[in-house]
2 protein chains.
Amino acid sequence: MSPNLDRTFAALADPTRRAILARLALGQASVTELAEPFAISLPAISRHLKVLERAALISRAAEGQFRPCALTADPLRQASDWLDHYRQFWNQSLDRLAEHLERTTPKEGPRHDRPNRRRPSPGRNRN
Amino acid sequence: MSPNLDRTFAALADPTRRAILARLALGQASVTELAEPFAISLPAISRHLKVLERAALISRAAEGQFRPCALTADPLRQASDWLDHYRQFWNQSLDRLAEHLERTTPKEGPRHDRPNRRRPSPGRNRN
DNA sequence: CTTTTATTTAACCTATTGGTTAAATAGTCG
DNA sequence: CGACTATTTAACCAATAGGTTAAATAAAAG
């Protein structure tokens, strides 16, 4: 049905790959640079990059002997769009939780409640 | 590191499971009800549900001989929160795309089309 | 030309995934 | 009780994932 989302979510399911994306959010990096923080071998990194590339989460250039990677955000936006379909549902859950806390907790100082730091309803501006 | 996100994204990587979640967004359902739209066997559905349950994306009750499933939105919120870190990035990408289109669409600007073996796909992915 | 650096491919291993069918478990009902 | 319904477990299978080490390729440097 949607192999795009399949690949995107599958790619995001690995902590190494998420860390790589986090690193790339700071800017381009070569394979060796990306591999540096990890305890795994370079071929393993290379295959993680291939997974990310196949999911279109990164793009790669050829600069001399380097193959710098850059983040491609669009699949992330697609994934976020899919999740947005459920936003009202979890807001509703949080409302119920807040309501519950309201009923059960008198006034014992500020608990760990952050009232809707997001936009309240699915309508949002994301140009 | 974050087995929560690992499991959430891994669970979301399967189209059958995403469809199950979409169905559950409409309300509780039994295993048989959930299985009905799919061409796969009931044990297969049962294991998909186990994956969703392990990822805390659904919760299950025991009502007589039924084990109704209900959506648990919190992991979806966590996943969305993770993706949010990249929101500014893809907004920025869209800005760059708009800028690029602005530059290239009206008149023909100079093409720096170097004879690279592999070109980084700058815009859309092709699948 | 030879060596070094960057990266990928090959070959292999083990664990997990997603599916199957057959059997087991558990609750409902005539 | 005995049969029917709902769901899970068991046993199996093929494909994929994620890791390894060793070797291959490509560009840069000496």
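These legends describe close-up views of a predicted model.

**View 1. A stacked ring pair joins chains A and B.** The structure holds five aromatic pairs over all chains. In one of them, the ring centres of Phe9(A) and Phe9(B) are 6.0 Å apart and the planes meet at 25 degrees; planes under 30 degrees apart count as stacked, so this pair is stacked. Phe9(A) belongs to helix α1 (residues 3–12) of chain A and Phe9(B) to helix α1 (residues 3–12) of chain B, so the pair joins two chains. Both phenylalanines, Phe9(A) and Phe9(B), are buried.

**View 2. Phe9(B) and Trp82(B) form an edge-to-face pair.** Their centres are 5.8 Å apart, with 75 degrees between the planes. Phe9(B) sits in helix α1 of chain B and Trp82(B) in helix α5 (residues 74–84) of chain B, so the pair ties together parts that are 73 residues apart in sequence. The relative accessible area of Phe9(B) is 0%, and Trp82(B), at 12%, also counts as buried.

**View 3. Ring pairs link six residues into a cluster.** The members are Phe9(A), Trp82(A), Tyr86(A), Phe9(B), Trp82(B) and Tyr86(B).

**View 4. The protein surface around DNA strand C has 21 residues.** The closest are Thr32(A), Lys50(A), Ser41(B), Arg47(B) and His48(B). By class, seven residues are nonpolar, eight polar and six charged.

**View 5. Side chains of both protein chains approach oxygens of DNA strand C.** An N or O atom in the side chain of Arg60(A) is 2.8 Å from a phosphate oxygen, and one in Arg17(B) is 2.9 Å from a phosphate oxygen. For Gln65(A), the side-chain N or O atom is 3.0 Å from a base oxygen.

Technical notes. Residues are numbered from 1 along each chain as its sequence is written. Chains are lettered from A and ligands numbered from 1 in the order in which they are written. This is a predicted model: local features need pLDDT of at least 70, side-chain atom pairs count only at pLDDT 80 or more; totals for chains, interfaces and linings use all residues. Side-chain values use heavy atoms; hydrogens and water are left out. Rings of Phe, Tyr and Trp (its six-membered ring) pair if their centres lie within 6.5 Å; planes under 30 degrees apart count as stacked, over 60 as edge-to-face and the rest as tilted. Helices (H or I, at least four residues) and strands (E, at least two) are DSSP runs, numbered from the N terminus. Buried means under 20% relative accessible area, exposed over 50%, partly exposed in between (1.4 Å probe, protein chains only). A residue is near a molecule or strand if one of its heavy atoms lies within 4 Å of it. A polar contact is a pair of N or O atoms within 3.5 Å; within protein, one must be able to donate a hydrogen and the other to accept it, and residues adjacent in sequence count only if both atoms are side-chain atoms. Ala, Val, Leu, Ile, Met, Phe, Trp, Tyr, Cys and Pro count as nonpolar, Asp, Glu, Lys and Arg as charged, and the others, Gly among them, as polar.
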